[in-house]
Amino acid sequence: MNEGTQAILERVSRIIRQGMMDTQADPLLGLQPRQLAEYRAARNWLSRYRRSQVANDIGQVRGYLEAFFHLCNVADWESAYRVAIVPIKLAGDEELHRLLFVWGYYREQKKLYDALLHSVSSEMDLICLSGLGSLCDVLEDYPQAIIFHNQALVLARQLGSVAAQGTALGGLGNAYLSLGEYGRSIDYYQQHLKIARAVAEAENEWASVGIALGNLGNVHRIVEEYELAHCYLRERLTVAQKLKDAKGEGDGLCNLGSLYWVQGKLAEAESVLGRAVEMAQGEGHRLGACRAYGNLGLVYVEGGSLGRAIECFEQSLGLASELEDREGQRVAIVQLGRLCQQLNDYERAFFYQREALGFVEDAVERAALLLNLGTSCREMGRWDEAISFYQELVTTAILMGEDVSEKRLLQMMGLYCLALVYQRKGDFRVAFWYCRRALDLSDESVAPLIDRCLALQALLKELGASLE
């Protein structure tokens with residue numbers, strides 16, 4: 001038991017003893033039976049709970065969380081606050097509330113912040129607002145993330161906390177990056193870096209500098225300013241290594257690996273991302289491991305190592321599902337569906353592609369999934385399902401936006417595939433009819449598909465099909 005835990009336990013035990021004495025002297029002054037039960041429960045969780053032996057598992061800190069909520073039930077916010085910030089020795093003395101984010105237990109962390117916000121002090125409110133903003137960003141509620149980070153920025157200015165102002169600006173940069181507003185994101189990140197450097201020079205606190213550098217490297221990679229991105233990410237790694245910040249180094253390696261991938265430097269990307277996976281796993285940083293596995297999978301796809309890519313995306317999907325990370329799940333599931341189909345593993349391809357429909361809203365991406373689902377069913381001989389998916393593809397294409405050539409291609413592809421299914425079923429007349437409908441959409445922009453339709457139509461004529 002560390003000193004922080006011992007101090008909390010002594011405080012709770014003292015309150016119980018004093019409350020019982022007050023009750024004996026005057027029942028109206030002492031603890032009520034319900035309050036006494038809550039305090040005793042908190043004491044038991046702190047002193048008797050046997051933590052899980054599984055590394056980075058919430059079972060290792062369950063006793064603290066249960067004690068926290070028992071203390072909240074009696075509105076003992078000071079004791080609850082002390083539990084929330086207790087350093088966890090098994091995780092390098094990371095404070096409990098921050099450790100929950102590192103391990104990816106976002107819902108539990110949110111409950112702590114929701115309980116403590118406006119209950120302890122303005123300084124704690126600042127921590128809660130910043131943390132809630134980061135949680136909303138991870139959970140894809142970007143407008144609410146912006147609200148929380150703006151509130152944190154206002155409060156940080158009121159309290160005169162320059163470092164907290166930088167953190168809030170960085171959080172705003174993250175939210176606008178998620179919304180695709182890259183210019184605003186860069187502006188906020190630059191403000192964060194400027195403040196972080198000033199604080200670091202004055203107080204020798206460099207962690208925030210590393211975070212700002214990593215964010216700038218990431219956004220400049222996205223906007224294809226690769227040389228600038230490389231400079232920021234190299235400096236980010238230097239800062240993390242000097243601080244012996246394994247989590248920060250792992251995040252920096254993950255971003256650097258992504259940069260190498262988009263530049264086509266596959267060997268460098270594979271090496272760097274492999275190290276990122278190892279560091280994230282070592283720190284129990286599940287979101288970091290999820291991202292690193294996903295990026296490494298993309299490298300293997302590019303290099304033609306499809307089996308290894310599938311292994312990476314399966315690891316990424318498992319972590320993303322645990323974290324309720326919809327973007328991570330979407331990327332992994334879509335990639336797994338494509339890869340399994342490439343390997344002619346149509347049963348698994350169908351499973352992943354059907355799952356992907358729940359994560360994809362973009363009309364073009366959805367159309368591509370419907371095409372793949374129909375093809376998987378066609379290859380498995382599940383004709384009715386294939387027809388249903390291809391018909392939905394045609395409808396989706398018709399209802400798409402202004403890109404006429406894209407609509408034409410997808411609609412024509414759906415009709416051609418319907419012809420293939422009916423050919424397989426032996427219904428050559430219907431197959432011939434779908435070929436004719438596809439060819440009615442002919443345009444120079446879909447020349448290769450026209451050739452395929454004409455070839456199929458010729459084959460169907462040899463088989464005796466026509467519309468005469």
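How are α21 and α23 oriented relative to each other? Let's walk there by way of another helix. This is a predicted model, in which local features need pLDDT of at least 70, side-chain atom pairs count only at pLDDT 80 or more, and totals for chains, interfaces and linings use all residues. Residues are numbered from 1 along each chain as its sequence is written, and side-chain values use heavy atoms, leaving out hydrogens and water.

Start with helix α12, residues 226–243 (helices are DSSP runs of H or I, at least four residues, numbered from the N terminus). Buried here (under 20% relative accessible area, with a 1.4 Å probe and protein chains only) are A229, Y232, L233, R236, L237, V239 and A240. Viewed down the axis of α12, these buried residues fall within an arc of 160°, so they line one face (the arc is taken from the directions from the helix axis to the C-beta atoms). That face packs against α10, α11 and α13, contact being heavy atoms within 4.5 Å. On the other side of α12, E227 and K242 are exposed (over 50%). Just past the helix, K244 has a positive phi of about 55°.

Now for the pair we began with. Helices α21 (404–425) and α23 (447–462) pack at about 25°, their axes 11 Å apart (lines fitted to C-alpha atoms over the stretch in contact, with angles from 0 to 180 degrees between N-to-C directions). They are therefore roughly parallel, a term for angles under 35 degrees. Residues meeting across this pair include L409, M412 and Y416 in α21, and L449, C453 and L456 in α23.

Terms used
Helices (H or I, at least four residues) and strands (E, at least two) are DSSP runs, numbered from the N terminus. The expected span of a helix is 1.5 Å times one less than its number of residues. Angles under 35 degrees count as roughly parallel, over 145 as roughly antiparallel, 65 to 115 as roughly perpendicular and the rest as oblique.
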